[in-house]
Amino acid sequence: MSTQAVPLAGVIGHPVAHSKSPRLHAHWLRVLSIRGHYVPMDVAPADLETVLRTLPKAGFVGANVTIPHKERLLEIADLVTDRAALIGAANTVIFRADGKIHADNTDGYGFIENIRQNAPEWQAATGPAVVLGAGGAARAVIVALREAGVPEIVLCNRTRARADRLKQEFGTRIRVEDWVQAGNVLEEAATVVNTTSLGMVGHPELRVPLDGLRPGAVVSDLVYAPLQTRLLRVAAEMGCVPVDGLGMLIHQAVPGFERWFGMRPVVDAATREALS
Ligand code: NAP
């Protein structure tokens with residue numbers, strides 16, 4: 001029997017039972033024949049730092065961190081990547097051999113990789129992107145779109161002040177429009193992203209008028225339950241390229257898995273199947 005330590009990783013949230021990450025990582029560990037484990041850990045906010053400092057002593061090489069810990073993690077970590085600092089939240093932790101906690105945010109990476117895989121013709125520079133929503137996910141999407149070279153981001157959020165704050169923070173390439181204008185601004189969009197929770201099971205439907213969508217536009221919904229949202233269904237009917245949110249969820253997990261377990265997993269149909 002091997003005496004080599006079995007690497008451990010997991011997802012820390014509160015609650016965490018709904019997380020798809022354990023199934024995703026278990027699938028990759030299996031197909032890559034890696035002796036390792038990935039477990040869900042329900043940790044109350046007051047215990048986050050203690051848990052993060054203790055896990056390496058128990059054989060953990062890293063973790064994903066989700067709601068409500070993503071912002072707090074930045075304060076606890078010893079090292080924070082530039083993109084996590086810019087986004088203001090982190091979702092991936094690496095426990096380094098020297099004892100330091102390294103925090104990164106891979107949501108924006110996952111968002112862009114998902115588009116590149118499912119809309120390979122997509123060119124960021126083609127035209128403006130419309131982003132619906134100004135919450136935590138919108139921050140990662142905006143940073144990623146800017147980095148990819150989108151010329152302008154038109155931001156619409158129900159609470160306009162929240163969108164204005166993002167413009168202040170992320171600069172001049174953002175234009176804020178009122179939520180009621182969302183349907184009209186779609187006419188100029190080469191890329192459309194729903195970062196609101198609208199359309200998700202248990203939430204109201206996204207009721208923005210969609211008849212302005214331009215054929216050929218890439219339309220991405222971060223909502224992944226259901227997989228086929230009204231936005232994506234109408235987008236497909238109108239000749240747009242729909243990109244669902246499950247792909248982002250999968251792609252954002254790739255960098256962490258690779259760092260922890262030493263092999264880069266492939267995102268393919270079997271990966272999606274493992275989560276269905
Ligand atoms: P959040 O910070 O709570 O932001 C929620 C956003 O939805 C805000 O812009 C909010 O607008 C808007 N919203 C909520 N209810 C609304 C309503 N009735 N009408 C209009 N706007 C409404 O949440 P988040 O972390 O950004 O997550 C947003 C969604 O993205 C969730 O569905 C989440 O599951 C999904 N997500 C998916 C992935 C993925 O990998 N696919 C990754 C991250 C997040 P106000 O500012 O006006 O409240």
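Okay, hi everyone. A quick term to start: helices (H or I, at least four residues) and strands (E, at least two) are DSSP runs, numbered from the N terminus.

What we have here is a predicted model, where local features need pLDDT of at least 70 and side-chain atom pairs count only at pLDDT 80 or more, while totals for chains, interfaces and linings use all residues. Residues are numbered from 1 along each chain as its sequence is written, and side-chain values use heavy atoms, with hydrogens and water left out.

Let's go to the pocket. Rolling a probe the size of a water molecule over the atoms shows where empty space is left. On a 1 Å grid over the protein atoms alone, a pocket is an open set of points where a 1.4 Å probe fits, with protein on both sides within 12 Å along at least five of seven lines, and lining residues have an atom within 4 Å of a point. The largest pocket has a volume of about 1,600 Å³, that is, the space filled by probe spheres set on the points, with points joined across faces, edges and corners.

So who lines the largest pocket? There are 47 residues, and Ile67, Lys70, Ala137, Thr195 and Met200 lie nearest its centre. Strand E3 (60–65), H6 and H10 each bring at least two lining residues, and H6 gives the most, with four. By type, the lining has 21 nonpolar, 19 polar and seven charged residues. Here Ala, Val, Leu, Ile, Met, Phe, Trp, Tyr, Cys and Pro count as nonpolar, Asp, Glu, Lys and Arg as charged, and the others, Gly among them, as polar.

And what takes up the space of the largest pocket? The ligand does; the rule for sitting there is that more than half of a molecule's atoms lie within 2 Å of the grid points. Helix H6 (136–148) and helix H10 (245–251) are the elements that give two or more residues to the shell around the ligand, and H10 gives the most, with three. In total 20 residues surround the ligand, Ala137 and Arg162 being among the closest; being near means having a heavy atom within 4 Å.

Now for polar contacts, pairs of N or O atoms within 3.5 Å. A ligand oxygen is 2.8 Å from a backbone N or O atom of alanine 137, and a ligand oxygen is also 2.8 Å from a side-chain N or O atom of arginine 158. At glycine 245, a backbone N or O atom lies 2.9 Å from a ligand nitrogen. The ligand alone exposes 930 Å², and the protein buries 78% of that, by the Shrake-Rupley method with a 1.4 Å probe.

Most peptide bonds are trans. Isoleucine 67 and proline 68, though, are joined by a cis peptide bond, with omega about 10°. Proline 68 is in the loop between E3 and helix H3 (72–76).

Notes:
Polar contact = N/O pair within 3.5 Å; in protein donor to acceptor, adjacent residues only side chain to side chain.
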